[in-house]
Amino acid sequence: MADAALETTEAKQEERQSARKTWLIRLAVVVIVVGLLWAAWYLLVGRNHVGTDNAYVNAEMAQVTPLISAQAIEVLVSDTQAVKKGDVLVKLDPTNAQIAVAQAEADLADARRRFRQTQATSQSLAAQVDARGADIVQARAQLATAQADFDKARIDLQRREALVNDGAVSGDEVTTARKGYAAAKAALDLARAGVQTAQATRGAATGQLEANDALVRGSTIDTDPAVMAAQAKLDSAKLDLDRSIIRAPIDGVITKRQVQVGQRVAQGNSIMTIVPLGHLYVDANFKERQLRDVKVGMPATVTSDLYGGDVVYHGKVVGFSGGTGSSLSLIPAQNATGNWIKIVQRLPLRIALDPKELAAHPLRVGLSMDVEIDLSEK
C-alpha cells in the first residue's frame, strides 16, 4: 500500500512538473512572439512616428479694440455667441463724431470758396495789368506831346534870344518865350515821370497777379492743396463716425467680453476677444530628441481628450517655434549656475488642422490633444 501511494505521489509531481514546463514553454513562446511583433511594428511603423500628449489647441484670436474713445450706448453680443465678419458688436455714442463731420464739411466748403475767390482775384488782377498797360501807352503819348512842345519852346526861345541884340524883338517877347520854355520843360519832366509811374504801377499789378496766380496755377478746385487738406479732414471725421459702430473683424465666438452699456471705452483698450473656431491649430511640445527627423510639411494625426480616439484629426507640420518653452516663458529658467542640471527641453511645433474636420467636430482653445507625426514621408 505504501509503495502504491508513493508511486501515485511521484506520478502527480511528474504531471505537475510537466504541466509547469508546458506553460513555461507557452509563456516563452508568447513573449517571443510579442517581442517579434513589437520589433516588427517598430521597424515597420514605430520608428517612423513620434508622438506627444503635451499638446494644446490654440488660435490667432482677434482682440476687439475701439479706435475712438466714446460711451457705449448699445452692446449687441455676449460671451459664447457666434458672430460673422462684419456683424455689429457695439455701438458707441456718435455725437462728437457727427459734430466733427459737420465742422469738416464747413471747412471744405470754405476752402472751395477761397479757391474760387482766388481764381476771381487773378482775373481781376489780369484786367488791372491790361489797364496799366493802357496807362503806359497814354503816358508815352503824353510824353511825346510834351517832348514836341518842349522842342518848339526851345527853338522859339533860341530864335528870340538871337534877335535881342538887333532889337528885332522886345524884351517882353523874350521873357514870354523863356516862360514858355520853362513850362514846356516842366511838362516834359512831368510826362516822363508819368511814364515811369505807369510802368511801376503795371509792374506792381503784374507782381500781384503772379503772386495770386501762384496759388491756383496748375490746380483745380479738387486738386488745390487747401481743398485737399480740408477733404482729408472730412474723410478722417467720417472715418471716426464709422468707427462709432464696432464690427466683428473675423468669424468666431465671443470670449471675455468686458464692455457694458453706459461704459466709456478708451481708444486701444480691448473690450472683447473673438476666437476663430474654424481656424484652430495645435501647438505640440515635443522633446528635442524627437525632432531629429521632423520637417515642415510632414503629416500628423491628432486626437482630442474631448472626443477620445474615435475622432481623428488630420493635419501637417507648418512650423517650428523660435525657441523652447522654457526660454520663452515669462520667467525663463536660469540654468547657468554652479549646480546646473541638464533637462530635456521641449520645442513647440505648430500643427495645422483640416477646417472640414474642425467643422464636423469643433474644438476650443486650450483643449488637450495627442499628436503623432509620420516621419516616413520625408
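**Strand pairing and its surroundings**

Author: The bridge partner of V83 in strand 7 is G252, where strands (E, at least two residues) and helices (H or I, at least four residues) are DSSP runs numbered from the N terminus. This is a predicted model, in which local features need pLDDT of at least 70 and side-chain atom pairs count only at pLDDT 80 or more, whereas totals for chains, interfaces and linings use all residues. Residues are numbered from 1 along each chain as its sequence is written, and side-chain values use heavy atoms, with hydrogens and water left out.

Strand 4 and strand 7 (residues 252–255) run antiparallel and are joined by two bridges; two strands are said to pair if DSSP finds at least two bridges between them. These two strands belong to an open sheet of four strands, with the order 2-9-7-4 and antiparallel pairing. Strand 2 (62–64) and strand 4 (82–83) each have a single partner strand and stand at the edges, so one side of each is left without a neighbour in the sheet.

A further open sheet has four strands in the order 6-5-3-8, again with antiparallel pairing. Its edge strands, which each pair on one side only, are strand 6 (245–247) and strand 8 (264–265). Strand 3 (residues 70–75) runs antiparallel to strand 8 and is joined to that strand by two bridges, and the partner of A70 in strand 8 is V265.

P94 sits in the loop that links strand 5 (88–92) to helix 2 (95–163). Beyond its neighbours within four places in sequence, P94 is in contact (heavy atoms within 4.5 Å) with I73, L241 and S244. Between P94 and I73 there are 21 residues of sequence separation and 9.4 Å of space, C-alpha to C-alpha.

Helix 4 (residues 225–242) has 18 residues and spans 25 Å from its first C-alpha to its last, close to the 26 Å expected, a figure defined as 1.5 Å times one less than the number of residues. V227, A230, L234 and A237 are buried in helix 4, buried meaning under 20% relative accessible area, exposed over 50% and partly exposed in between (1.4 Å probe, protein chains only). They lie on the same side of helix 4 because they cover an arc of only 85° around the axis, the arc being that of the directions from the helix axis to the C-beta atoms. An α-helix has 3.6 residues a turn, so residues three or four places apart point the same way. The exposed residues P225 and D242 are carried on the face of helix 4 turned away from its buried side.

Further along, strand 11 (residues 299–304) pairs with strand 12 (residues 308–320) in the antiparallel sense over six bridges. The two form a hairpin with three residues between them, and T303 has V312 of strand 12 as its bridge partner. Strand 12 also pairs in the antiparallel sense with strand 13 (residues 346–353), over five bridges, where F320 stands opposite L349.

R350 lies over the face of Y281, 3.7 Å from the ring centre; a charge counts as over a ring if NZ of Lys or CZ of Arg is within 6 Å of the ring centre and within 35 degrees of the ring normal.

For the chain as a whole, there are five helices and 14 strands, and buried residues make up 27% of the 378 residues.
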